[in-house]
Amino acid sequence: MATETFEFQVEARQLLQLMIHSVYSNKDVFLRELVSNASDALDKLRLAKLRDDTLDADVSDPHIELEVDKDARTLTVRDNGIGMSYDEVGRLIGTIANSGTAQFLKELKEAEEEGGAEGLIGQFGVGFYSGFMVADEMTLLTRRAGESHGTRWSSRGEGTYTLERVDDAPQGTAVTLHLKPADPENQLHDYTSEWKIREIVKRYSDFITWPVKLVQPQGDGGDTPEHETLNSMKALWARSREEVSDDEYHELYKHISHDWRDPLETIRLQAEGTFEYQALLFVPAHAPHDLFTQNHRRGLQLYVKRVFIMDDCEELLPPYLRFVKGVVDAQDLSLNVSREILQQDRHIRAMRNRLTKKVLATVKEMREKNAERYADFWREFGAVLKEGLVTDAENRDAILAVASFSSTHSAEEPTTLAAYVERMKDGQEDIWYLTGENRQAVENSPHMEAFRAKGIEVLLLTDPVDEVWADTVGTFEGKRLRSVAKGEIDLDGEEEKQTDGEKEKQAESYAGLLGWMKEQLAEEVKDVRLSSRLTVSPACVVSDADDLTPALENMYRAMGQEVPRSKRILELNPGHPLVQGLNRAFQEEPADRTPLTETTELLHSLAVLAEGGQPKDPARFVKLVAERLERSL
């Protein structure tokens, strides 16, 4: 038969140059693409035979073969699928990314076929060209099922290709790559190596529907070559729950997470309709050590029609669910030329939204039905889940519904916000909380004294993110979230309130001292006032209602964001002997007020220490304390 030479379409020539100069970051993916094309061809043959049982095609043993010739340095990827006619080869291979998808869908629509067959169409053109990353020349031999003649296509990727009709082609398609010399420094491996081929198939094509067989060389006796199946074909997410054991799920989790422990929870999801995908997600039993580091690898494994696309697809779950591991297998996705970077399209957003809600619903169910398992989950991942209260306004209510917090109500059992609201005292309008490094430090804070005395429950928040989300959320079920360490607080009931006259008398008695102390501490505080939150301690420092707390300021600075330093407010307990004595000493108007000044400094430093801070001048603080101790002996 005569051989004809054609020029590639302009776009195809441009793509060939991209491939030759490696648009793919990982050259191994050429085999993934060719195996994926072969799998699509087998899918199409199965569908064609179902539509027309008179089709003269062999469907008895659908499979994909990989055959290596080390001496000739060739690798052949062969399938016995639908194949292509002479005209199809010229149209599909000579034209960039024209895989016949649109034409095939049009025919299906006209025939009013149903059954999700649109998901069977592969992107033949683009994936085929990737072979030129590793090959100097590519040859394609194909015969369409039901036809008697085949077609041979050949090109060196230099702008032209040849087409030839042949008589002896088997059904299906065989792509032979004449491999370039191995160049490990440029990530060009020896693709005649059987172990390398096994590695690539196991990584990228392990779960595709059809067997991928490695043809073993003939023995010296000329025996028929053996065929070793390289892929498991066991896509657990595509099988019903009843067909898969827990052990099989756990083994898959360990394989993709590199965790030797069983997962805490397994989550299955199957979405049907215009956009179909399946997901198999796992909640680990323990948080990885690098969960809060920038280098933490997050994201799910993404497959398209059981073909592995990428390892850590971050677009499928928000960062606050970065601990979730698993697999998502979509029937069709918008992918860029290398299939490695997902485009931000509506399908991706829809999948992300659905997967996020499914994970949160699973956690909620866990909290309602298995308290022990939920407690394990919250201990490991509660801190990271609460990041979503700041970053994900759409799902904020769902996160609050599954969140729990330490509280003064119980030393052992955490509480939900809903349970806190149910226990609120008559007349209590706010949900009170206090942040700190640990439970002991928060419970012993001077800010808690009046709340403890009056039996008012306070949430004890000890994760760094707690400093941020409480301000962001603001309210829950109409109740304000308020810090016991910010703003002015009045917890007295009607019968406990001082009369206006008593208040005025007390304020007048301390007015001189408060004004003088404010002048002495002008560099440190914005105001000095009497406190209604202290019952035992002499003093405490608080923030204004709208100011950042010192911990939040430090957090922003650690992230490289410079924020102005907020001056605090020093509150004095008028019922404490030290404060009363300081007021009497001030009113005596001594000639030398140095001792009063030093006592004021000490009182402020003690208040800063009591909330976990550090005095501005630790050496001076130690000196003043030592002098006071010396005089007391």
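**Entry 1**

I took helices and strands as DSSP runs, numbered from the N terminus (helices are H or I with at least four residues, strands are E with at least two). Two strands count as paired if DSSP finds at least two bridges between them. Angles run from 0 to 180 degrees between N-to-C directions, and axes are lines fitted to C-alpha atoms, for helices over the stretch in contact.

I then looked up how S1 is held. S1 pairs with strand S6 (residues 160-166) in the antiparallel sense, over five bridges. The bridge partner of Glu 4 in S6 is Leu 163.

**Entry 1: confidence and conventions**

I noted that this is a predicted model, in which local features need pLDDT of at least 70 and side-chain atom pairs count only at pLDDT 80 or more, while totals for chains, interfaces and linings use all residues. Residues are numbered from 1 along each chain as its sequence is written, and side-chain values use heavy atoms, with hydrogens and water left out.

pLDDT is the predictor's confidence in each residue, from 0 to 100. The protein chain averages a pLDDT of 85, and 88% of the residues score at least 70. Over residues 97-125 the pLDDT stays under 50, and the model has 47 contacts for them beyond four places in sequence. Residues 335-341 also have a pLDDT below 50, with 25 contacts in the model beyond near neighbours in sequence.

**Entry 2: the six-stranded sheet**

I found another open sheet with mixed pairing, made of six strands in the order S16-S15-S18-S17-S20-S19. Strand S16 (410-415) and strand S19 (475-476) each have a single partner strand, so one side of each is left without a neighbour in the sheet.

S15 and S16 run antiparallel and are joined by two bridges. Phe 405 has Thr 415 as its bridge partner in S16. These two strands, S15 and S16, form a hairpin with two residues between them.

Do strand S17 (residues 430-435) and strand S20 (residues 479-483) run parallel or antiparallel? S17 and S20 run parallel, joined by four bridges. Ile 431 has Leu 481 as its bridge partner in S20.

Helix H15 (residues 466-473) lies across strand S15 (405-407), S17, strand S18 (459-461), S19 and S20, at about 160 degrees to S17.

Residues making the contact include Leu 360, Val 363 and Met 366 of H8 and Tyr 374 and Phe 377 of H9. By class, the contact has seven nonpolar, no polar and three charged residues. Here Ala, Val, Leu, Ile, Met, Phe, Trp, Tyr, Cys and Pro count as nonpolar, Asp, Glu, Lys and Arg as charged, and the others, Gly among them, as polar.

How values were computed:
Contact = heavy atoms within 4.5 Å.
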